[in-house]
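Morning, everyone. Please have the structure up on your screens. I'll be quick.

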Amino acid sequence: MASVHFTQNLARHTDCPTAELPASTVAELLERYFERWPAVRDFVLDDQGEVRKHVKVLVDGRNLRDRFKLTDTLDAGSEVYVFQALSGG
Amino acid sequence: MARQLIVGTRKGAFVLGRHGKEWRIERAALLGDPVSMVLGEADGALHVAQDLGHFGVKMKRSRDGGATWEDRPVPKYPPKPEGVEDLDPTRRTPVPWDLKRVWALEASPREGELWCGTIPGALFRSRDGGDSWQIVDSLWNHPGRKEWFGGGADFPGIHSVLVDPNDPDVVKVGVSCGGLWSSRDAGVSWELQGVGMRAAFMPPDQALNPAFQDPHRVVQCPAAPEHVWIQHHNGIFRSTDGGRTCKEIDTAQPSSFGFAVVVHLEDPATAWFVPGVKDEKRYPVDGAVVVTRTRDGAASFDVLREGLPQRHAYDVVYRHGLDIDADGATLAFGSTTGNLWLSEDQGDHWQQLSSSLPPIYCVRFAA
C-alpha cells in the first residue's frame with residue numbers, strides 16, 4: 001500500500017482526503033485515487049494526462065522523475081505528496 | 001433598463017444591480033480566484049470561467065444570482081497523437097494541447113448551444129448547455145490555425161465568437177493573432193476573412209495578409225450582423241459585408257488604439273471604443289480616461305469625458321472590459337486599476353460604481 005496526500009490549498013476546491021491504496025507506480029496510485037475521487041484528476045493532470053506545469057509531486061521525498069507518464073515506482077509504504085510548485089516571488 | 005451587471009476580476013466575480021437610481025454591488029462571489037470570463041444567459045443562469053493557476057481552468061454555474069455555484073464540465077483538448085508536430089510559428093516551441101484560458105463564451109440563439117473560445121486558439125461547442133463540450137476539429141486541424149501566433153499571451157487564442165442571431169450556423173471567430181474566420185455551416189468548414197485589415201507590426205509585404213492580423217476584439221450589430229466592428233492592434237476597422245472586407249478608420253481621436261469595442265444592438269452605425277496610447281504603452285492619452293463614440297458609421301467620433309477622471313488616470317481597459325446592455329442606452333466598462341464606470345445615456349455621462357475592485361478582466365450585462 002502507498003499513501004497519497006494533497007495540499008490543503010486543493011481541498012479548498014475539491015474533496016481530496018489522504019488515502020492508502022495498492023499501487024506499484026505513481027500512475028497506478030493516482031488512477032486508483034481518481035476512481036474514487038474523480039473530480040481531483042483535472043486539478044492535478046492536464047488535458048494530456050501529464051502533471052500540471054505548476055503542480056509538484058514528491059515521491060518519498062524526491063521530485064517525481066516522469067511527469068508525463070508517471071512511471072516512477074513505489075514501494076510498500078511509499079508516500080506521495082501532491083503540492084503546488086512555487087515559482088518564486 | 002438594465003437588470004444586472006457581472007464583472008470578472010483577478011480576485012473573483014461581482015454582481016451589480018440597480019436599486020432605485022443607484023447601481024450597487026449586490027454580491028462578491030468566488031473571491032480569491034481569477035475569473036477570466038462571465039456569461040449571463042436569458043434564463044438567468046450565470047456562467048464563469050476561473051483560472052486557478054496551479055490547478056488549471058474551471059467552469060462554474062449559478063442559478064441563484066451568484067449565491068451558490070456548481071462545478072461544470074470544462075472544454076478539453078483532444079489527446080495529441082504521437083508524432084504530430086504543432087509548433088508556435090514564431091518561437092518554434094510546442095503549442096500545448098491543454099486549456100490555458102477561457103477567453104470567449106457565447107450563447108447561441110439555438111437552445112442549449114454555447115460556444116467557447118480558448119487559449120491556445122481553439123473553439124469548442126456545447127449543444128447541451130455546457131454539460132459537455134466538443135472541440136471544433138475543422139478549425140483546430142486547419143492548416144491556417146498552425147500559423148496563428150501569440151499576441152499578449154504566450155500562445156494565440158480566440159477572444160471573440162460571433163453567432164448570427166438570424167442564422168446560428170453562421171459563426172465568426174476573432175483570433176489574436178490570426179485574423180477573422182467565418183463558418184456558414186456551424187463550424188464544419190472555415191474561411192479566412194478580413195481583407196483590408198492592416199498590420200503595421202508585420203513587414204510591408206505581409207502587412208495586408210489577412211492571416212497575420214491582430215483583431216483585439218470583434219463585434220457585430222445583432223440587428224444587422226453584416227456590420228462588423230473591429231478594434232485591431234493597428235487601429236479601428238469596419239466591415240459592412242459580414243467581415244469579408246474591412247475599411248480602416250483613422251479619424252478617431254485621441255487615439256484609435258485600444259482593446260474593447262461595442263456596437264449598438266439595433267443601429268449598426270453606432271459604436272464605442274476606449275482608446276489608449278498606441279501601441280505598447282497602452283495608457284489613456286494624457287492620463288485622461290475617455291470613451292470614443294461614433295453615431296455615423298465612423299465618419300465622426302465624439303470624445304466622451306463627463307464623469308471620467310481627466311488627470312493622472314492610467315486605466316487600461318481589456319478587450320472584454322466594455323459592454324452595452326440590451327436597452328441600447330446603458331454601457332459599463334472596467335479597468336485594470338479596478339475602476340468601474342457606467343452610463344445610462346449612451347456614454348454622455350458616466351458614474352463611477354467602484355474605484356477599488358481587483359483588476360477587471362470582463363464586464364457583461366446579463367441577458
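A strand here is a DSSP run of E, at least two residues long, and a helix is a run of H or I of at least four residues, numbered from the N terminus. Strands pair if DSSP finds at least two bridges between them.

Ground rules. This is a predicted model: local features need pLDDT of at least 70, side-chain atom pairs count only at pLDDT 80 or more, and totals for chains, interfaces and linings use all residues. Residues are numbered from 1 along each chain as its sequence is written, while chains are lettered from A and ligands numbered from 1 in the order in which they are written.

Now chain B. β17(B) and β18(B), the latter residues 235-239, form a hairpin, with 2 residues between them. They pair antiparallel over 5 bridges. In β18(B), B:S239 is the bridge partner of B:V228.

On to β16(B), residues 215-221, and β17(B), residues 224-232. These two also make a hairpin, with 2 residues between them. The pairing is antiparallel, over 6 bridges. B:R217 has B:Q231 in β17(B) as its bridge partner.

Next, the cores. A nonpolar core is a set of buried Ala, Val, Leu, Ile, Met, Phe, Trp, Tyr and Cys residues joined through C-beta atoms within 7 Å. Buried means 20 or more other C-beta atoms within 10 Å of a residue's own; exposed means 12 or fewer; partly exposed is in between; C-beta atoms are placed from the backbone. The largest core has 100 residues. B:V262 and B:F333 are among those with the most contacts inside it. Apart from it lies another core, of 21 residues, including A:F6 and A:V82.

Last, B:D137. It sits in helix α1 of chain B, residues 137-140.
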